Amino acid sequence: MTDLFSALGDGAGSLKTRREEIAPGAALLRGQLGEQQDAVLAAVQAVTAQTAFRQMQTPGGQSMSVATSSCGALGWVTDRKGYRYVSQDPLTGQPWPEMPAVLHAFARAAAAEAGYPGFDPDSCLINRYAPGVKMGLHQDRDEVDFTQPIVSLSLGIPAVFLWGGLTRTGPVRRIALHHGDVVVWGGPSRLVFHGIAPLKAAVHPATGEVRINLTFRRAGG
Ligand code: MD3
Ligand code: FE
């Protein structure tokens, strides 16, 4: 196995062959779940049992088609007041669930593998996509420190990631993301415009008819 954990400490070849630099500062690590899969899925289920998926309102008053939940000290929210990170779940009035250790460790190892050692995420946004759901091109700019990378893990049915570069206009690259694929975005790629094309209907044994994406961030200072 050459998943993120069991391959650490291997000789040069094994992980390199699965690491693709898709842009300066951005690394795509394919199929990273390995034997962590069950623990990762159980952790996601434990979090979303405590803090349900919900469709938040954009500042303009539209309902997001993506359903979201969060864990960690800070959770990303949007409502009529704007986009921001908050320490309490607006649905429950309680702190967000703690980030499960297996998720924190997974993100830290992925960041290190991509050249960002010491990553200590304080936020994990959990996005759920049903068929037809998309996420328009945007930048992630609500975090305090843009020198910190972002780590994303795709679970379940595939999606087409849209990568638009550093300006809103211009060509958009399309990158298929599958179950277990990790993308680490840092350095000059940290502020690229990105999104998700409308999901095609499919079924995956791990998640059924949906895609789940975990996005790990250092949101606070
Ligand atoms: C590139 N989520 O929640 S994750 C988001 O699949 C978001 O749910 C998408 O974009 C999803 O904000 C994409 C990959 C990702 C996340 C953050 C990035 C790519 C990024 C930040 C900068 C550049
Ligand atoms: Fe984003």
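Q: What counts as a pocket here?
A: A pocket is an open set of points on a 1 Å grid over the protein atoms alone, where a 1.4 Å probe fits, with protein on both sides within 12 Å along at least five of seven lines. The space taken by ligand 1 is the largest pocket (a molecule sits in one if more than half of its atoms lie within 2 Å of its grid points).

Q: Which strands give two or more residues to the shell around ligand 1?
A: S6 (123-129), S7 (135-138), S8 (150-156), S12 (193-196) and S13 (211-217); strands are DSSP E runs of at least two residues, numbered from the N terminus. S13 gives the largest share, 4 residues.

Q: What about the model itself?
A: The model is predicted, with pLDDT of at least 70 needed for local features and 80 or more for side-chain atom pairs, while totals for chains, interfaces and linings use all residues. Residues are numbered from 1 along each chain, chains are lettered from A and ligands numbered from 1 as written, and side-chain values use heavy atoms, without hydrogens or water.

Q: How many residues surround ligand 1?
A: 19, with Asn-127, Tyr-129, His-194, Arg-211 and Arg-217 the closest (a heavy atom within 4 Å).

Q: Which polar side-chain atom lies 3.1 Å from a ligand 1 oxygen?
A: One of His-138. For Asp-140 the distance is 3.2 Å, and for an N or O atom of the Asn-127 side chain 3.0 Å; the cut-off for such N or O pairs is 3.5 Å.

Technical notes: A polar contact is a pair of N or O atoms within 3.5 Å; within protein, one must be able to donate a hydrogen and the other to accept it, and residues adjacent in sequence count only if both atoms are side-chain atoms. On a 1 Å grid over the protein atoms alone, a cavity is a set of points where a 1.4 Å probe fits but cannot get out, and a pocket is an open set with protein on both sides within 12 Å along at least five of seven lines; lining residues have an atom within 4 Å of a point.
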